[in-house]
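Colleague: I am new to this structure and would like a guided tour. Could you show it to me and then take my questions?
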Amino acid sequence: MASRGVRALYLVGEIGLTLGICACGSVLPFMIPASDSNSTDSLPSKDTVTFSADWSVDAMKGGWSTLQAVRGSSIAANSTTWHGLTSARVEVRPGDDPLGTTGERAEVAVMKNRGKPSFENAASGTVYFAVSYKLPTDWRANTSGWSIVFALQGPDSLAYSPALALNADDAYSLTIHAGDLRSNTAPGSFHDLAFSDPNLNLGKWSDFIIGVVFSPTASGSVTVWRRNEGQASFVRVAEVTGIATLQYNGAVSAIVEDHYWKQGLFRSDASFTNVLWMGPTARGGSFKSVERTAFGTATGMP
C-alpha cells in the first residue's frame, strides 16, 4: 500500500478536470465533457436517490458527466453483476495517461443530479453511496504506489490528492485527506482506514455502501459497510468520526469549494495491465435507497 507521502502528492497539477482540459490546455482524447450547466443541488432528502449510474443506458459513461480515458473502450458496458445488473469493464494499460498529469487511469467523473453536474460541499450533509467491484483472479497489486477505484476529488484549484479514496491495492481500504490543508501534508489531515474485511475477493463481486457526513471541520464521519458475493447481509467494516471530510486551504480562503466524484481505476505508473468490473453506482439520502438502486436488494443497514 502506498505511503501517505506518495498519496499526498499524486494529484499535484491535476487541474481543470471537470472541463475536460488538462493543465497544459490541450484537448484530451476521448474526454466527453458534460453539456449541462453547473449545479450544486447536492442535499438529498431521506430516501431520495440523487444519482444513479446505469451502464445499460449509457455504455461509455454510465450516466456520469465525463469520461477520462485514452481509448473509448477503456470503460465500457461488458457484463453483469451478481445481482444481474449491467456492469462496466475498466482497463488501464501502461502509459494510459489521458490527462497528461500523474499516474495512469480510466475513469468517469462528476455525478449528475436531474441531468446537471452535481458536487459535494459543506451543504451536502449526510449522504450514502453504493458501489460494487469485481477484480479478476489475476489482479496485480500496485503495492509500491496506489490503485484507487472510487474517489472524492477536492477543488481543482488546490491540486491535492482526493479528499476520500477507496483503494484496491493488495487489499481494500479507505484514505481520507481533508480539512484545512495549508500544505499538502498538513498535520492531522490524513486518516488511513483499514477494513475489518480487507480481502479483495478476487474473481467475485464485493458490494460497498459508504456513508459520509460532509464537513470541512472535525464534525464529519465516514462509515463503510461491505457484502461479498453470496452473502445476504452487509457488515460494517470501517468507521471514523470527528474528522473533516472536505478540503480547503485556510491560508488562501475559508470558503469550501465544490468537490466531485470519480470512479474507475486510477493507479501509479505500472508495467502491467489491470482490468476490473464495476456495477451501478448510487448516491442518496439513506442506506436503503442506494442499496435498492445499485444492487436491487433491500436487506438494509445492519
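Modeller: Let us begin with a term: a residue is buried under 20% relative accessible area, exposed over 50%, and partly exposed in between, using a 1.4 Å probe and protein chains only. Of the 302 residues of the protein, 58% count as buried. This is a predicted model, in which local features need pLDDT of at least 70, side-chain atom pairs count only at pLDDT 80 or more, and totals for chains, interfaces and linings use all residues. Residues are numbered from 1 along each chain as its sequence is written, and side-chain values use heavy atoms, with hydrogens and water left out.

Colleague: What pLDDT does the protein average?

Modeller: The average is 87, and 84% of the residues score at least 70; pLDDT is the predictor's confidence in each residue, from 0 to 100. Over residues 1–42 the pLDDT is below 50, and this stretch has 122 contacts in the model beyond near neighbours in sequence. A contact means heavy atoms within 4.5 Å. Where pLDDT is low, the predicted coordinates should not be read in detail.

Colleague: How many helices and strands are there in the protein?

Modeller: The protein has two helices and 20 strands. These are DSSP runs numbered from the N terminus, with at least four residues of H or I for a helix and at least two of E for a strand. Among contacts between residues at least 6 apart in sequence, 71% join residues at least 24 apart.

Colleague: Which residues of helix 2 are buried?

Modeller: Helix 2 spans residues 287–295, and its buried residues are Phe287, Ser289, Val290, Glu291, Ala294 and Phe295. Their cover includes strand 1 (49–52), strand 8 (126–134), strand 14 (205–213), strand 15 (220–228) and strand 20 (282–284). Just after helix 2, glycine 296 takes a positive phi of about 75 degrees.

Colleague: Let us turn to tyrosine 128. Where is its place?

Modeller: Tyrosine 128 belongs to strand 8, and it counts as buried because its relative accessibility is 15%. Leaving aside residues up to four places away in sequence, tyrosine 128 touches residues including Phe287, Val290, Trp225 and Met301. Isoleucine 210 is 82 residues from tyrosine 128 along the chain, yet their C-alpha atoms are separated by 5.6 Å. Ring pairs also link Tyr128, Trp225, Phe234, Phe287 and Phe295 into a cluster.

Colleague: What counts as a ring pair, and how many aromatic pairs does the whole structure hold?

Modeller: Rings of Phe, Tyr and Trp (its six-membered ring) pair if their centres lie within 6.5 Å; planes under 30 degrees apart are stacked, over 60 edge-to-face, and the rest tilted. The search of the whole structure finds twelve aromatic pairs. One of them joins tryptophan 146 and phenylalanine 266 edge-to-face, at 5.5 Å centre to centre with 65 degrees between the planes. That pair links distant parts of the chain, 120 residues apart: tryptophan 146 is in the loop between strand 8 and strand 9, and phenylalanine 266 is in strand 18. Tryptophan 146 counts as buried at 5% relative accessibility, and phenylalanine 266 is buried at 2%.

Colleague: And strand 9 itself: how many of its residues are buried?

Modeller: Seven of the seven residues in strand 9 (147–153) are buried. Strand 9 pairs in the antiparallel sense with strand 18 (residues 260–267) over six bridges; two strands pair if DSSP finds at least two bridges between them. In that pairing, serine 147 stands opposite arginine 267. Strand 9 also pairs with strand 10 (residues 164–168), again antiparallel, over four bridges, and there leucine 152 stands opposite leucine 164.

Colleague: Which residues have the most contacts inside the largest nonpolar core?

Modeller: They are Tyr133, Phe150 and Val222, in a core of 51 residues. A nonpolar core is a set of buried Ala, Val, Leu, Ile, Met, Phe, Trp, Tyr and Cys residues joined through side-chain atoms within 4.5 Å.

Colleague: One last topic: where is alanine 159, and is it buried or exposed?

Modeller: Alanine 159 lies in the loop between strand 9 and strand 10, and it is buried, with a relative accessible area of 13%. Its phi is near 55 degrees, a positive value in a residue other than glycine. Most residues other than glycine have a negative phi.
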